[in-house]
Amino acid sequence: QLAASNTSSMLKGLQVKHVIAAAESQSTLKVSTYYNTIQPLHQVYDGFLFYDRTGQLRTDVNAKTIAIGTEIFTALMGYAPQADTDHQRWWEVNGASHFSLDEIQNYVDPF
């Protein structure tokens with residue numbers, strides 16, 4: 001509704017100019033699947049932001065894409081990400097952790 005109407009009561013009359021999809025870690029699998037299969041057909045999103053993305057993205061989709069990768073996650077993938085294009089960029093943050101300090105300090109094992 002938001003993208004289709006270009007305005008919403010949620011935004012108190014502000015105009016929507018761009019809709020960006022964002023995903024982190026495991027959710028990047030679902031959003032990258034959307035990017036590769038549905039986005040080319042319906043073009044709902046103007047851009048995509050991935051944090052620690054796995055898998056390859058199509059290169060014929062016009063939506064702008066930024067993928068940020070932590071150093072350890074890239075090492076665990078075992079391969080370099082695909083090359084940058086005019087629509088896709090991969091930024092690896094050397095020394096960055098996949099988890100935030102809060103996640104590490106306050107993790108509660110559900111078992």
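Biologist: Which residues make the nonpolar surface patch of about 390 Å²?
Modeller: Ile 20, Leu 49, Ile 66 and Trp 91 make that patch. Patches consist of residues with over 30% relative accessible area and no salt bridge, with like charges joined within 9 Å and nonpolar side chains (Val, Leu, Ile, Met, Phe, Trp, Tyr) within 5 Å. A salt bridge here is a side-chain nitrogen of Lys or Arg within 4 Å of a carboxyl oxygen of Asp or Glu. Accessible areas come from the Shrake-Rupley method with a 1.4 Å probe, and for residues only the protein chains shown count as cover.

Biologist: And how far can I trust the side chains?
Modeller: This is a predicted model, in which local features need pLDDT of at least 70 and side-chain atom pairs count only at pLDDT 80 or more, while totals for chains, interfaces and linings use all residues. Residues are numbered from 1 along each chain as its sequence is written, and side-chain values use heavy atoms, with hydrogens and water left out.

Biologist: What does the chain have in terms of helices and strands?
Modeller: There are 5 helices and 4 strands, in the order α-β-α-α-β-β-α-β-α from the N terminus. Helices (H or I, at least four residues) and strands (E, at least two) are DSSP runs, numbered from the N terminus.

Biologist: Which strands pair with strand 2?
Modeller: Strand 1 and strand 2 (residues 47-51) run parallel and are joined by 5 bridges. Strand 2 also pairs with strand 3 in the parallel sense, over 5 bridges. Two strands count as paired if DSSP finds at least two bridges between them.

Biologist: What about strand 4?
Modeller: Strand 4 (residues 88-93) is joined to strand 3 by 6 bridges, and these two run parallel.

Biologist: Which side of strand 1 is covered?
Modeller: The covered face of strand 1 (residues 20-24) holds Ala 21 and Ala 23, and the uncovered face holds Ile 20, Ala 22 and Glu 24. In a regular strand the side chains alternate between the two faces of the sheet.

Biologist: What is in the largest nonpolar core?
Modeller: It has 12 residues in all, among them Ala 21, Ala 23, Val 31, Leu 57 and Trp 90. Strand 1, helix 2 and strand 2 each supply at least two residues of this core, and helix 2 gives the most, with 3 residues. A nonpolar core is a set of buried Ala, Val, Leu, Ile, Met, Phe, Trp, Tyr and Cys residues joined through side-chain atoms within 4.5 Å.

Biologist: How many aromatic pairs are there?
Modeller: The structure holds 5. One of them is Tyr 34 with Phe 48, a tilted pair at 6.4 Å centre to centre and 40 degrees between the planes. Rings of Phe, Tyr and Trp (its six-membered ring) pair if their centres lie within 6.5 Å; planes under 30 degrees apart count as stacked, over 60 as edge-to-face and the rest as tilted.

Biologist: Are Tyr 34 and Phe 48 buried or exposed?
Modeller: Both Tyr 34 and Phe 48 are buried. Phe 48 also pairs with Tyr 35, edge-to-face, at 4.9 Å centre to centre and 90 degrees between the planes. Tyr 35 lies in helix 2 and Phe 48 in strand 2, so this pair ties together parts 13 residues apart in sequence. Tyr 35 has 0% relative accessibility and therefore counts as buried.

Key. Buried < 20%, exposed > 50% of the residue type's maximum accessible area, 1.4 Å probe, protein only.
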